[in-house]
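Visitor: Hi, I've got a model open and would like a quick tour. Can you walk me through it?

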Amino acid sequence: MKTLFSFLITLFFLQITFAQGPYTEAQRRKDQAKLDSICRRSPTTCSFYGDLIGANSVFKNHVPRRIERNRKICFDKKFQYYSNSYGKVMRGCFYINTKDGYVAQFMSRGEESCDGMANPQPGFDMMIISKIGESFTFRVSKEGKKTFFAQLPPEDIPYGMITNFVLNNPNALTSPYREPFTSQNLPTLPYRIEGSTESSKKYLFSAYHAQRISIKDYIGAFGTGYYKDSMGNTMIALAVESDKHFVKIEKIEDVNECFDGRDFGDEMQEAIATNEEIIREKEKDLEYQGNNDPKKNCEAAEALVQHKRQMLDKEKNLNNFLKAGGSAQSREGLRLGAMAMDVIDKVVTDRLELEKRICSQEYSLYIYNNNSGYGEKLKTIANNKIQCYNIAINQLNELKTQLEQINARNGTNYAKAISEKNLHYFKKIKDIDLNCNFDKDGKKKTTTMDAGAQKLRDQIQEIMKRR
């Protein structure tokens, strides 16, 4: 289920604020003249800026469309950027198709993100995002296998944005200084999102600068890229700055770079087919356990098999939903996915496993107490194990309650609940001794996180890397 669960992570967000008042033609001409004056001071500072911003720029022929994977996807703009996030410095690129509204971002290392689109090599990892919310991620494994998976927009979430930008410092309008960015030293002023509590600033290069600008459209990455105002003018965010993050555009190029994803196989369909085989094997194993477990007379043993069948039913429900064409990111897909990968089920499994072990130790004590050939050390070890198992069961019950409270807090926000529960689970489970190992003298051995929890932690960490 590792591959399927990775499709449940959603990255969509919406910023909605209020509309702005009118901005007069006279004021716009005044600001245009100010920008012209700034640019004339250095002939190369703003060369050809009219092709980048204003009413006749990239949004002139902008008609967003769905991604058609079975045709070449071409890009006409290339943005080279520098970023510093929590002290980690990286350089990279992203591409924009300004007509169809596509953005190509690279998940691979920054220095490799400017190459390889035309001839993807092992390690290639690129996401193409459309303006209507869908995306395709294309990967080439170390072995050279080419796969993709599609992510569709969640239900009931509108796309596009209506956002007001306001000057971070209104006095900047009267100052002749503009912060320069890119190899052309394009002049900018810093804006923030009106009503936002965040300290993030966007440095806008525009045909005019006003104290308040109504933004109606956007295409780009990391908050940088092209914005369109309510009058149809294009402006560019050339840098985004916050307390811990900084991204700036170093160069913008006109390009004709194309990507052909037609020979990439559908990773989702492969994962569904693989998971069907895994489910069939699990069903056979549970059938065998139900019929042949020597401890089936133990109530916990029967409850454990029944619990595993219920867990398997959740996996089957998710797999069947996806097989029928359902989106993993729809409301129903997220609900089914949250049920199929719920760590609460892992906690219940651990608890029933321990209760089953208590049955085994109690039976051993019965044998020891009714046969004189067994020594006291064996009885001591059995009693110590039972005591240790009961302590772990109480801790697991407490953990289960805490995880259920996270569910209750988040309601139908399944992705957030999954993230919070996983983090809490891994924080707590490492302190619970699920093994209860004792040496021949009855002394407890030091143990680490059990193998099942370790495996699940590794899976979640892999998913988080691909977010």
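Guide: Happy to, starting with helix α8, residues 414-429. Its 16 residues should span 22 Å at 1.5 Å a residue, and the end C-alpha atoms are 22 Å apart, so the two agree. The expected span is 1.5 Å times one less than the number of residues. Helices here are DSSP runs of H or I with at least four residues, strands are runs of E with at least two, and both are numbered from the N terminus.

Visitor: What should I know about where the model comes from?

Guide: This is a predicted model, where local features need pLDDT of at least 70 and side-chain atom pairs count only at pLDDT 80 or more, while totals for chains, interfaces and linings use all residues. Residues are numbered from 1 along each chain as its sequence is written, and side-chain values use heavy atoms, leaving out hydrogens and water.

Visitor: Back to α8, then. Which of its residues are buried?

Guide: They are Y414, A417, I418, K421, N422, H424, Y425, F426 and I429. Buried means under 20% relative accessible area, exposed is over 50%, and partly exposed is in between, with a 1.4 Å probe and protein chains only.

Visitor: And how do α7 and α8 pack?

Guide: Helix α7 (residues 376-410) and α8 pack at about 160°, with axes 9 Å apart. Axes are lines fitted to C-alpha atoms over the stretch in contact, and angles run from 0 to 180 degrees between N-to-C directions. The two helices are therefore roughly antiparallel, a label for angles over 145 degrees.

Visitor: Switching topic: how many aromatic pairs are there?

Guide: The count is 19, taking Phe, Tyr and Trp (six-membered ring) centres within 6.5 Å; planes under 30 degrees apart are stacked, over 60 edge-to-face, and the rest tilted. F136 and F138 are stacked, 6.2 Å centre to centre with 25° between the planes. F138 and F259 are edge-to-face, at 4.7 Å and 65°.

Visitor: Where do F138 and F259 sit?

Guide: F138 lies in strand β5 (residues 135-140) and F259 in strand β14 (residues 245-259), so the pair ties together parts 121 residues apart in sequence. Both F138 and F259 are buried.

Visitor: Nice. What about Y86: buried or exposed?

Guide: Y86 counts as exposed because its relative accessibility is 61%. Y86 lies in the loop between β1 (73-85) and β2 (88-97), and has a positive phi of about 50° although it is not a glycine.

Note on methods:
Parallel < 35°, antiparallel > 145°, perpendicular 65-115°, else oblique.
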